[in-house]
Amino acid sequence: MGQKKLLRFAEINSFQNVLQYPLDIKGKWKRFFKNNNPLVLELACGKAEYTVELSKIYPDKNYIGVDIKGNRLWVGAKKSLDEKITNTAFLRTQIDKIDNYFEPGEVHEIWITFPDPQLRKSKAKKRLTHPKFLRLYKQILKPEGYIHLKTDSPDLYHFTKLAIDHYGLAIISDIKDLYKNKNLQPELNIHTYYESLDIAQSNCIFYLCFTLPEVLADDDEIFSGLLKNEELNINETGIN
């Protein structure tokens with residue numbers, strides 16, 4: 001491990017706005033933030049640009065950046081401390097354990113910004129909009145709470161649309177080329193480090209905002225079959 005990472009890991013242990021695998025935070029976030037403001041998560045937040053910038057735009061909400069990489073969380077946590085931002089926190093843990101840290105309905109919104117699209121078919125279940133993750137979010141998200149996806153991956157966008165259609169999720173917003181739109185809401189104009197890398201080389205940013213139904217069926221095998229058929233159709237027709 002590089003010296004820079006080692007220094008960050010050592011420093012992050014002293015940050016009061018960072019919680020690493022906490023055992024007793026579930027249901028206690030109002031006490032942590034010392035207010036009753038709505039709670040918003042950024043999952044797989046990386047350097048947490050969205051967490052920090054959203055906290056400035058909406059100071060009447062509390063924002064939590066969640067990631068497993070402590071050296072990445074350090075960036076957002078340090079910036080928050082330096083700028084004396086009090087409505088941010090940073091949670092180091094795996095996303096598939098997110099329900100260990102929040103009570104049912106404790107979270108008002110979830111942001112998923114430029115996650116790893118996990119393009120290999122064998123890794124489809126690791127995509128953060130896979131139904132198994134949606135069911136996790138359902139456990140902690142308040143009824144009709146928003147889920148936001150911002151990605152440069154057309155594959156992840158189409159995958160998420162397939163899940164939305166299959167499970168009858170309510171779409172609030174569906175934008176295929178975000179920055180072509182004028183007068184965007186300020187939260188949609190936030191740019192991230194991983195966005196700048198343009199890994200997907202799509203020259204296009206996709207945005208989806210949707211809500212979850214009261215019941216989300218546990219039928220991953222059926223969904224996997226639909227996904228396989230969709231991929232076959234795309235390969236046969238050349239649809240992107």
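Modeller: Let's begin with a term: two strands pair if DSSP finds at least two bridges between them. Helices (H or I, at least four residues) and strands (E, at least two) are DSSP runs, numbered from the N terminus. Residues, for their part, are numbered from 1 along each chain as its sequence is written. One caution: this is a predicted model, where local features need pLDDT of at least 70, side-chain atom pairs count only at pLDDT 80 or more, and totals for chains, interfaces and linings use all residues, while side-chain values use heavy atoms, with hydrogens and water left out.

The part I'd pick is strand E5, residues 107–113. Six of its seven residues are buried, so E5 is largely enclosed by the rest of the structure. Buried here means under 20% relative accessible area, with exposed over 50% and partly exposed in between (1.4 Å probe, protein chains only).

Who are the partners? E5 pairs with strand E2 (residues 39–43) in the parallel sense, over four bridges, and there Leu43 stands opposite Ile112 of E5. E5 also pairs with strand E6 (residues 141–151), again in the parallel sense, over six bridges. In that pairing, Val107 stands opposite Leu141 of E6.

Stop at Arg135, which lies in H5. Its relative accessibility is 16%, so Arg135 counts as buried. Leaving aside neighbours within four places in sequence, Arg135 is in contact (heavy atoms within 4.5 Å) with Tyr167, Leu216, Ala217, Asp218, Asp219 and Asp220.

Tyr167 takes us to helix H6, as one of its buried residues, which also include Leu156, Phe159 and Ile164. H6 covers residues 154–167, and its 14 residues should span 20 Å at 1.5 Å a residue; the end C-alpha atoms are 20 Å apart, which agrees. That expected span is 1.5 Å times one less than the number of residues. Just after H6, Gly168 takes a positive phi of about 65°.

Stepping back, the protein chain has eight helices and eight strands. Buried residues make up 49% of its 240 residues.
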